[in-house]
Amino acid sequence: MTGCTGVIIVEDHELLADGLCRLIEDDLGWSVLARVTNGLDVYRACVVHRPALLMLDLGLPGMDGVDVIRQCVQRWPELRVVVHSASDDGERARQSLDAGASAFVLKSSSRETLLSAVGFAMRGERFVDPAVFGIVHDPGGMPFTPSPGAVELPEKLLTLRERQVLKLVAEGQRNRDIAQLLSISVKTVETHRLNMMRKLDAHNVADIVNWAHRLRMML
């Protein structure tokens, strides 16, 4: 690992972000290119800075962390993503790896565990924190297999934009606010919202909020 590696820190808690920056810059000698606090801003930051590594919290405002992973890795397949999560939910770890993350580490774990995860990720291998119940590190770097039956879930039919609208509605944003955040028209937001509600058989905002919790977007 060299001193030329660029990293973007995605964390909305300032003290945690400070700690990650110190680890990246002091322990590894790498460069923190940007600090991002909102899921909607991650892709834009990657366009500007082109990092080699994302250190990503899943519980972000604006856009679900799993969707952030999927969006960025599809655009930059060589990008490594290390999830640094407060949740020890095994399904959340599965979602992250399925979306393209290289590693999943708990915020409660040791500095050494996080450094190990970063090392494996940068070598193109998978790593999952041993503290996550039911999932272990795959030293062979074999392709990740999603949980059985996942593809049958209705939310798998949602587009990325529909998932963005779902999360923003669940966060209490109005259509015109969503349009501004996503740089699209209000009419387009309404179309995405109607399509999303139809696919999920959601009839009101309460149903949308319930779906957001079911999909673990509101952790």
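How many aromatic pairs does the structure hold? The count comes to 2 aromatic pairs. Rings of Phe, Tyr and Trp (its six-membered ring) pair if their centres lie within 6.5 Å; planes under 30 degrees apart are stacked, over 60 edge-to-face, and the rest tilted. The model is predicted, so local features need pLDDT of at least 70 and side-chain atom pairs count only at pLDDT 80 or more, while totals for chains, interfaces and linings use all residues. Residues are numbered from 1 along each chain as its sequence is written, and side-chain values use heavy atoms, with hydrogens and water left out.

Take the aromatic pairs one by one. A pair of aromatic rings is described by the distance of the centres and the angle of the planes. Y43 and W76 form a tilted pair, 5.1 Å centre to centre with 35° between the planes. Y43 lies in helix α2 (residues 42–49) and W76 in the loop between α3 (65–75) and β4 (80–85), so the pair ties together parts that are 33 residues apart in sequence. Helices (H or I, at least four residues) and strands (E, at least two) are DSSP runs, numbered from the N terminus. Y43 is partly exposed, because its relative accessible area is 26%. W76 has 4%, so W76 is buried. The cut-offs are simple: buried is under 20% relative accessible area, exposed is over 50%, and partly exposed is in between (1.4 Å probe, protein chains only).

The rings of F120 and F127 have their centres 5.5 Å apart and their planes at 25°, so this pair is stacked. Both F120 and F127 are buried. The charged end of R123 sits over the ring of F120, 4.8 Å from its centre. That label requires NZ of Lys or CZ of Arg within 6 Å of the ring centre and within 35 degrees of the ring normal.

On a 1 Å grid over the protein atoms alone, a cavity is a set of points where a 1.4 Å probe fits but cannot get out; lining residues have an atom within 4 Å of a point. Grid points are joined across faces, edges and corners, and the volume is the space filled by probe spheres set on the points. How many cavities of 30 Å³ or more are there? The count is 1. The largest cavity has a volume of about 40 Å³. Its lining is made of C46, R50, P51, W76, E78 and L79. By class, that lining has 4 nonpolar, no polar and 2 charged residues. Here Ala, Val, Leu, Ile, Met, Phe, Trp, Tyr, Cys and Pro count as nonpolar, Asp, Glu, Lys and Arg as charged, and the others, Gly among them, as polar.

C46 raises the matter of disulfides. A disulfide is a pair of cysteine sulfur atoms within 2.5 Å. A search of the whole structure finds 0 disulfides. C46 is in none; the nearest cysteine sulfur, that of C72, is 4.2 Å away. C46 counts as buried because its relative accessible area is 1%. C21 is at 8% relative accessibility, so C21 is buried too.

Next come contacts across the sequence. L54 is in strand β3. At 0% relative accessibility, L54 is buried. The C-alpha atoms of L54 and V82, 28 residues apart along the chain, are separated by 6.1 Å. L60 lies in the loop between β3 (53–56) and α3. L60 is buried, at 2% relative accessible area. From L60 to L40, 20 residues apart along the chain, the C-alpha separation is 8.9 Å. G62 lies in the loop between β3 and α3. G62 is buried, with 3% relative accessible area. G62 and L168 are 106 residues apart in sequence, yet 6.0 Å apart in space, C-alpha to C-alpha.

T159 sits in the loop between β6 (127–128) and α6 (160–170). At 35% relative accessibility, T159 is partly exposed. The C-alpha atoms of T159 and H192, 33 residues apart along the chain, are 9.0 Å apart.

Finally, look at the backbone. Phi of D201 is near 55°, a positive value in a residue other than glycine. D201 is in the loop between α8 (186–200) and α9 (205–214). Its relative accessible area is 55%, so D201 is exposed. Phi of R216 is near 65°, again positive in a residue other than glycine. R216 is in the segment after α9. With 24% relative accessible area, R216 is partly exposed.

How values were computed: On a 1 Å grid over the protein atoms alone, a cavity is a set of points where a 1.4 Å probe fits but cannot get out, and a pocket is an open set with protein on both sides within 12 Å along at least five of seven lines; lining residues have an atom within 4 Å of a point.
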